[in-house]
Amino acid sequence: MNEINMRSIILFVVSFTLIVSCKTQQKTTQSPDKPLEKEKPVFTINDTEVYPEELLYAYEKSNKNKGSSEPLEDYLDLYINFKLKVEDAKNEGLDTLSSYKNELKGYLEDIKKPYLTSQKVNDELIQETYQRLQSEINASHILIRVEESAPPEDTLTAFNKIKEIREKFLNGENFGQLAQKNSEDPSARSNNGDLGWFTAFQMVYPFESAAYETEAGEVSQIIRTKFGYHIIKVNEKRETLGRIKLAHIMLRFPSNADKQDSAKVFQKINQISEELSEGADWFALAAKYSEDLNTKNQGGSLPWFGAGNLPKSLEQVAFELNQINEVSRPVKSPYGWHILKLEEKRGVGSLESMEESLTRRIQRDQRSELKLTEVLEGLKAENNFKRNDIIYSWLKSNKTINDSIKLSERKNEVLFYISDQPYYLNDFFQSTAKNAQIEAALNQYERDKLLEYENKHLPDKYPEYRLLANEYRDGLLLFEIMSKKVWDKISSDSTGNRDYYEARKDEFKTKPAVLADIFIFNDTSNVGFTKNFIQDGFYSLNEPIFYENKLVLTKKVKALSKFTDTVYVRLERPTKIKAADSIAIYSVLKSTFKNTESLKPIYSDENKIYLQLFGKPGPQFSEIYKGLIAAEQKSIIVGENVNGMIIPKELGYHKAFNNDGKLQIIQVKKNIKSRLKSYEEAKPELITEYQNYLEKNWIEQLKKENTVKINTELLEKLKSEFESENL
């Protein structure tokens with residue numbers, strides 16, 4: 001077994017058998033390596049103390065994985081053995097190896113992700129965005145522009161203006177007229193602020209959030225985006241239409257077209273539509289007529305669209321198409337006339353199928369940064385973040401870091417605190433580019449240090465993470481020491497393996513078996529013959545081979561010989577034949593097929609005689625007999641379940657039965673007695689036995705070399721509490 005596979009196995013075993021790595025609510029939040037003063041260890045190995053939190057965590061997960069509870073004291077024995085091995089690994093210095101440290105670091109980075117602020121922000125946004133994608137919003141808006149960096153007086157003027165407009169709407173004025181008159185979105189003059197239908201990712205995040213948080217028929221609170229201040233009127237909400245894949249044939253309006261030019265384009269698009277309705281090839285017409293040069297040579301095929309991505313007139317017609325290859329009537333857009341064809345239509349996929357693409361889009365989108373800013377404000381409150389306002393004011397009086405750094409006498413002053421931990425101005429200077437703008441640099445430094453602090457204190461904040469991290473630390477050490485003390489010996493010590501076999505070879509025996517023929521047909525009608533025939537223990541394949549002339553075999557019978565010399569065939573003759581003829585027929589058949597067994601003739605009610613030859617079945621049968629799924633002779637352990645049949649050891653046992661709609665026939669041909677296995681045959685079992693032997697001796701040695709003390713009083717208390725909680 002290679003090292004990578006073995007490493008995966010031991011981590012699986014550690015995680016799911018002994019100390020299962022799954023998150024649950026913890027009863028206590030103290031660290032096992034920094035316990036509360038009053039807590040005592042449940043057992044010690046030399047100077048290493050193991051506390052109730054760790055033991056119960058492992059015990060509960062082990063029981064959950066097994067689906068049943070074992071006595072706590074029994075599990076304690078297993079856990080002590082596990083910890084003895086880990087201690088041995090530390091005594092060997094395996095925890096100091098750079099290979100171990102680097103691998104552990106990689107695992108810890110992975111298991112840390114669900115607890116990191118940035119990851120939690122991403123997870124929340126994935127859930128939020130996926131839910132928003134389930135619906136679409138039709139809305140109108142009014143915009144009053146103001147730059148993000150505008151001075152306070154300009155910002156206040158813009159805010160007061162949008163506030164006044166909102167109050168007019170609440171007092172009964174028409175929203176569309178207010179938009180046309182006041183909105184600084186140029187399109188509002190023609191569309192009264194109407195934005196059409198949209199879903200997640202199609203508007204800037206603050207605008208999207210306000211729209212989804214506002215009920216249909218109502219107007220939002222005032223929101224600010226990078227464009228300025230908005231109010232949004234949500235006209236309607238609906239279940240999302242999904243996404244659509246179209247092809248089109250497009251005729252453009254000529255530049256400066258008059259009514260006559262437009263009429264010619266309309267006439268031509270209708271002619272194309274008629275050709276399509278008469279069965280003309282879409283691809284050929286698109287290549288010939290379409291004036292969309294980017295798509296005409298690909299049959300007019302367009303990329304995927306969602307609601308809000310197409311002009312309103314096209315969107316309405318496009319989403320009315322339901323059948324693949326369905327073609328629309330001619331439809332007009334601001335660009336010209338179109339005929340649309342539906343290529344594919346999709347609803348919103350499952351969260352699992354969309355998670356990867358949503359993650360990529362969220363990371364590129366403004367929402368990720370805004371959400372993180374919101375979370376960072378929560379971390380500031382949670383960790384008692386305090387700024388040194390004097391230093392902040394002094395820094396902001398300078399434009400860049402270069403300007404501030406000249407005043408180096410202040411570099412040792414505290415910039416801010418996180419949970420009473422000071423962060424100094426000098427560190428800010430050293431970690432920031434000298435030409436950086438002060439405001440942006442301060443925001444970035446605060447963010448970096450808050451996230452760094454959160455990351456560092458994950459074990460204190462999340463007990464389940466701390467315990468899971470300890471599992472991986474111990475699990476990797478267990479792998480390293482098991483490799484050294486057990487697995488490497490098994491793979492390299494061939495003498496030890498063979499000596500172990502020689503001393504115990506009587507224990508390695510084959511199980512009693514039988515040689516049996518097995519036929520399986522695709523349904524129960526495919527074996528023809530009669531009920532009595534099967535009951536008598538004979539069975540026959542379908543499509544009988546007819547014997548036509550005395551002592552002369554048909555071509556079909558002769559053809560069988562090219563597949564195998566051991567076959568099972570049936571011959572039938574419409575009239576009775578003499579015994580001498582039967583013997584002669586057998587003689588010819590047996591000279592053709594060497595390894596066969598003759599069965600006695602059977603006479604049917606139709607005045608026919610069936611002459612049986614039986615031999616070893618094989619896959620060639622399926623080339624001759626229709627309806628035959630399998631025909632084989634195989635060695636089977638007595639008592640083993642084969643295709644729904646428990647195989648007995650009686651020689652000559654036969655049975656034909658219905659197995660889930662298929663006819664199955666089994667006949668025992670030979671008994672195979674138990675015997676001693678050779679060294680090579682015994683090797684798979686031997687490796688397991690030898691591993692258990694080495695491990696047992698190793699544990700006994702570790703118990704002699706180490707001092708294990710169990711707090712029996714505390715153990716009984718834990719056992720009692722655990723049992724009472726799980727009644």
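Keep in mind that the model is predicted. A search of the whole structure turns up 15 aromatic pairs, and two of them are picked out below.

**Helix α13**
- Helix α13 covers residues 351–364, and its 14 residues should span 20 Å at 1.5 Å a residue; the end C-alpha atoms are 19 Å apart, which agrees.

**Ile636**
- You'll find Ile636 in strand β19, residues 628–637.
- Its relative accessible area is 1%, so Ile636 counts as buried (the cut-off is under 20%).
- Ile636 and Ala516 are 120 residues apart along the chain, yet their C-alpha atoms are separated by 7.2 Å.

**Aromatic pairs and a cluster**
- Tyr75 and Tyr79 have ring centres 6.0 Å apart and planes at 25°, so this pair is stacked.
- Both sit in helix α3 (residues 72–91), four residues apart, or about one turn, and both are buried.
- Phe266 and Trp337 make a tilted pair, because their ring centres are 4.8 Å apart and their planes at 50°.
- Phe266 is in helix α10 and Trp337 in strand β10, so the pair ties together parts 71 residues apart in sequence.
- Phe266 is partly exposed at 38% relative accessibility, while Trp337 is buried at 13%.
- One aromatic cluster is formed by Phe385, Phe416, Tyr423, Phe428, Phe429 and Tyr445.

**Charges over rings**
- Arg238 lies over the face of Trp197, 3.7 Å from the ring centre.
- Arg367 has its charged end over the ring of Phe201, 4.4 Å from the centre.

How values were computed:
Residues numbered from 1 in each chain as written. Predicted model: local features only at pLDDT ≥ 70, side-chain atom pairs only at ≥ 80, totals over all residues. Heavy atoms only, no water. Helix = DSSP H or I, 4+ residues; strand = E, 2+ residues; numbered from the N terminus. Expected span 1.5 Å × (residues − 1). Buried < 20%, exposed > 50% of the residue type's maximum accessible area, 1.4 Å probe, protein only. Phe/Tyr/Trp six-rings, centres within 6.5 Å; stacked < 30°, edge-to-face > 60°. Lys NZ or Arg CZ within 6 Å of the ring centre and 35° of its normal.
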